[in-house]
Amino acid sequence: MRMAKESLFVAFVCLWLAWIGLTGSLNLQELAVGAIVAAFVAVVSYEFLFQGGMREKFEPERWGYALAYVPAYIWAELKAHASVIYLILHPRMPIKPGIVRVPTELRSDFGITGLANAITMTPGTLSVDVSEEGSSLYVHWIDVKAVEPEQTSRQIAWPFERFLRRIFR
Amino acid sequence: MIEIIAYILLGIGAACALIGAMGIVRLPDVYNRIHAQTVVVVGGVIVMLLGASVLEGLSSYTLKALIIALFLFLTNPVGSHAIARAAHKSGVKLWRRSVADKLKEEKP
Amino acid sequence: MILLGVLVIIFGACLFCALRAALGPTAPDRVVAIDALVSLMIGALVLLGVYYRAPIYLDVALVYAFLAFLGTLAIAKYLEGRGIET
């Protein structure tokens with residue numbers, strides 16, 4: 001019961017902040033209407049938004065790793081963009097596309113979703129499918145350097161998995 | 001100074017958008033074109049939105065532009081993944097010179 | 001001035017995407033091209049909002065982004081159950 005109240009409150013605050021960002025004014029009437037709407041939506045949907053306790057979501061260690069994830073992610077994006085732009089602009093287009101299997105150690109749903117999204121967001125790699133037991137991703141790679149699962153895991157997933165396995169335990 | 005940073009970001013975004021669009025035309029099959037589309041969206045449009053919000057300074061305009069950038073950032077990989085999965089399930093073949101298709105071998 | 005130059009470059013990129021959407025041998029090709037085109041139009045709308053000093057363009061861009069995402073997911077779901085045709 002106590003847990004439900006906490007997650008209800010967090011959902012309400014997030015939704016209200018989104019409302020304030022979208023209307024872009026601090027008028028008292030707008031704030032009141034936003035509070036009513038956010039309270040209604042939070043009551044309807046907090047069960048789907050947050051599962052499990054609230055305490056463990058605010059551990060400083062996880063937020064520290066999440067902050068350290070940002071520059072590593074931007075660096076990976078820059079490298080991937082440079083390589084894909086080189087491949088596109090090269091007159092003979094030296095691409096070697098193929099679908100490889102990438103095993104992962106992550107088990108939680110959020111962790112696998114985050115890894116698949118990060119892999120898709122970096123150009124050059126695109127997650128096509130997830131195997132049923134959730135232990136590996138099938139990734140389309142524009143420049144296949146290795147087919148063996150250990151090599152693909154080290155080259156594609158490790159830069160993100162290193163942080164994600166600490167953030168989403 | 002702030003304006004120069006904003007114009008540099010806008011220039012990078014425009015260049016990435018143009019190169020990505022060329023990639024969408026040049027690359028040989030659906031899966032490769034999705035890589036080029038990611039270059040258009042992430043390197044092009046999101047960087048341009050960041051440049052526009054740096055140019056505008058702190059206001060409600062900036063906040064809304066950043067919300068649009070965050071929304072594109074969260075939804076683009078979901079859409080790309082859905083299209084790639086649908087293409088593979090409905091039987092779109094890989095390019096004839098692809099080196100491997102583990103998905104077809106291991107999950108027919 | 002620089003904003004107008006950037007808008008012209010975006011227009012050129014839109015032409016490339018429209019070319020692929022017209023050529024695209026399979027349906028997913030067209031969807032990918034049109035998705036890129038919609039994203040470019042969102043960027044163009046935000047820049048027009050800066051150029052004309054009119055914040056209403058941003059609301060249009062936000063709703064456009066929502067609708068494009070829903071449309072992409074719906075088409076993907078439809079293609080998944082159908083099998084390949086042109």
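User: How many residue pairs are in polar contact across the interface of chain B and chain C?

Analyst: A polar contact is a pair of N or O atoms within 3.5 Å; within protein, one must be able to donate a hydrogen and the other to accept it, and residues adjacent in sequence count only if both atoms are side-chain atoms. Across the interface of chain B and chain C, eight residue pairs qualify, both residues being at pLDDT 80 or more. This is a predicted model, in which local features need pLDDT of at least 70, side-chain atom pairs count only at pLDDT 80 or more, and totals for chains, interfaces and linings use all residues; side-chain values use heavy atoms, with hydrogens and water left out. Residues are numbered from 1 along each chain as its sequence is written, while chains are lettered from A and ligands numbered from 1 in the order in which they are written.

User: How many salt bridges are there across the interface of chain B and chain C?

Analyst: Five are found between chain B and chain C, a salt bridge being a side-chain nitrogen of Lys or Arg within 4 Å of a carboxyl oxygen of Asp or Glu. Lys64(B) and Asp59(C) form a salt bridge, with their closest N and O atoms 3.0 Å apart.

User: Which helices of chain B each supply at least two residues of the side that touches chain C?

Analyst: They are helix H1 (2-26), helix H2 (30-56) and H3 of chain B, where a helix is a DSSP run of H or I with at least four residues, numbered from the N terminus. H3(B) gives the most to this side, with 16 residues. By class, the side of chain B that touches chain C has 30 nonpolar, five polar and six charged residues (Ala, Val, Leu, Ile, Met, Phe, Trp, Tyr, Cys and Pro are nonpolar, Asp, Glu, Lys and Arg charged, the others, Gly among them, polar).

User: What area is buried between chain B and chain C?

Analyst: The size of an interface is often given as the accessible area lost when the parts come together. Here about 3700 Å² is buried between chain B and chain C, 80% of it from carbon and sulfur atoms (accessible area with a 1.4 Å probe, summed over both parts). In contact (heavy atoms within 4.5 Å) are 41 residues of chain B and 43 residues of chain C.

User: What is found between chain B and chain A?

Analyst: Chain B and chain A bury about 3500 Å², with 72% on carbon and sulfur atoms. In this pairing, 39 residues of chain B are in contact with 38 residues of chain A. One salt bridge is counted between the two chains; Arg85(B) and Asp129(A) meet in a salt bridge with an N to O distance of 2.8 Å. Of the side of chain B that touches chain A, the largest share, 13 residues, comes from H3(B). That side holds 21 nonpolar, 11 polar and seven charged residues.

User: Where does the lining of the largest cavity come from?

Analyst: A cavity is a set of points on a 1 Å grid over the protein atoms alone where a 1.4 Å probe fits but cannot get out, and lining residues have an atom within 4 Å of a point. Helix H3 (60-89) of chain B, together with helix H2 (27-52) and helix H3 (56-80) of chain C, each supply at least two lining residues. The largest cavity has 13 lining residues, with Leu72(B), Thr75(B), Asn76(B), Asp35(C) and Phe69(C) nearest its centre. Seven of the lining residues are nonpolar, five polar and one charged.

Definitions and conventions
1 Å grid on protein atoms, 1.4 Å probe; cavity = no way out; pocket = protein on both sides within 12 Å on 5 of 7 lines; lining within 4 Å. Buried area = accessible area lost by both parts, 1.4 Å probe.
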